[in-house]
Amino acid sequence: MNYTLITTLTLGFAATAFAQVVVDGALDAEYGLPNAVQNTQTAFGDSTIGMPDFANGSEIDGGHSLIADGYLYIFLPGNLESVFNKIDIFIDARAGGQNTLRADNPDVDFDGLNRMGDDGTGNGLTFDAGFEADMWVSMTCGGEVFATYGSYAELHTTGAGFGMPVGAGTSGEAGAIVGKTGLTLALDNSNIAGVGYGEGIGCGEGVVTGVEVAIPLYLFDWDGAAGDITSAKICAFINNSGHDYMSNQVIGGLGGSVNLGDPRNINFDLLDGNQFFTVGDVAGPCPPPTGACCLDVSCSDLSDADCVALGGTYNGDGTFCNGNPPPCAPQPCEGDINGDGTVDVSDILTVIGNWGCTQ
Ligand SMILES: [Ca+2]
Ligand SMILES: [Ca+2]
Ligand SMILES: [Ca+2]
Ligand SMILES: [Ca+2]
């Protein structure tokens, strides 16, 4: 085999390298500024491992998108915990579709898509008004030998579209999942920055690794009626392994929130702000964690010094101006019966002195 032929074959099989964007789980310059930035800490764990494959937490720190070369590229910085957490991505890119997920969509990923749909009682995951999803793409990862898996399905207005597993992979460009349709997914789980653990206000700015997807635009045109796709709306969130417990990692963000729970009971239209972003959007700055320690907002991202810098007034006795303990306040000792800050013999004597007492 001569060199020219080897080169041709190599290029021919480098299916994850597109003209502009490399689908590898890392941010490309072509994406430009983020369309959305996460504003909520993650209650699904803050990953600290820093490896491209395994992660011990999930978060979506922002959203980037680009339409070029016949593809819709989506880049979602953050982490996907390698316990088969799911990232569910819904795309509204053509007329029609589903504002509330139906129950007769394709059975893909152990029927995980329909697990989010109407169970026959009139529920079903509902998007913001005007967002009518036309496609679902999902990725998961885990296993003793690390692997990633992708799924996708069409979401027809009347249900019963086409769907299929996209395939399996690992991490980075070499581990990208390249489907028979050309749909490509990649993961780089290296991030240890972005939002921290919690349910309060967070900031996902500056994260450059995560989940990356390239969707050939022709996949939206199953009936010849899609027309030119010049923009698309994207809603993405982290879900648990059965697609049946949504985290608080939704993009656009929730502005501080607990995990949302069963997806089929969620109506994004009832939640503040847009739980989606649009190609071409420019994200605003992260919300300042204004007076976090004085507003009863969870502030696990903040040190005592941060809280003082934000205007909190430390009283010097373990409390802030509104009586809240600072985030790093020492916790009461278990066994400190008399509350003097020390577990010692006086606590035992207190117990003995009350021996036999019944309420
Ligand atoms: Ca990339
Ligand atoms: Ca649509
Ligand atoms: Ca993080
Ligand atoms: Ca909303």
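**Loops and a nonpolar core**

Student: Where is the place of His243?
Tutor: His243 sits in the loop between strand 12 (233-239) and strand 13, and, as with everything here, this is read from a predicted model.

Student: What is phi of His243 near?
Tutor: Phi of His243 is near 55°, which is a positive value in a residue other than glycine.

Student: And is His243 buried or exposed?
Tutor: His243 counts as buried, because it has 23 C-beta neighbours inside 10 Å, and the cut-off for being buried is 20 or more.

Student: Switching to Asp69, which loop does it lie in?
Tutor: Asp69 belongs to the loop between strand 3 (62-68) and strand 4, and although it is not a glycine, it has a positive phi of about 55°. Asp69 counts as partly exposed because 14 C-beta neighbours lie inside 10 Å.

Student: What about the core, which residues touch the most other members?
Tutor: The largest nonpolar core has 67 residues, and those touching the most other members are Ile89, Met135, Trp136, Ile234 and Ala236. Strand 4 (residues 71-79) supplies the largest share of this core, with six residues.

Student: Which residues does Ala236 touch?
Tutor: Leaving aside residues up to four places away in sequence, Ala236 touches Ile60, Gly63, Leu76, Ile87, Asp88, Ile89 and Ile251.

Technical notes:
Residues numbered from 1 in each chain as written. Chains lettered and ligands numbered in written order. Predicted model: local features only at pLDDT ≥ 70, side-chain atom pairs only at ≥ 80, totals over all residues. Core = buried A, V, L, I, M, F, W, Y, C linked by C-beta atoms within 7 Å. Buried ≥ 20, exposed ≤ 12 C-beta atoms within 10 Å, placed from the backbone. Helix = DSSP H or I, 4+ residues; strand = E, 2+ residues; numbered from the N terminus. Contact = placed C-beta atoms within 7 Å.
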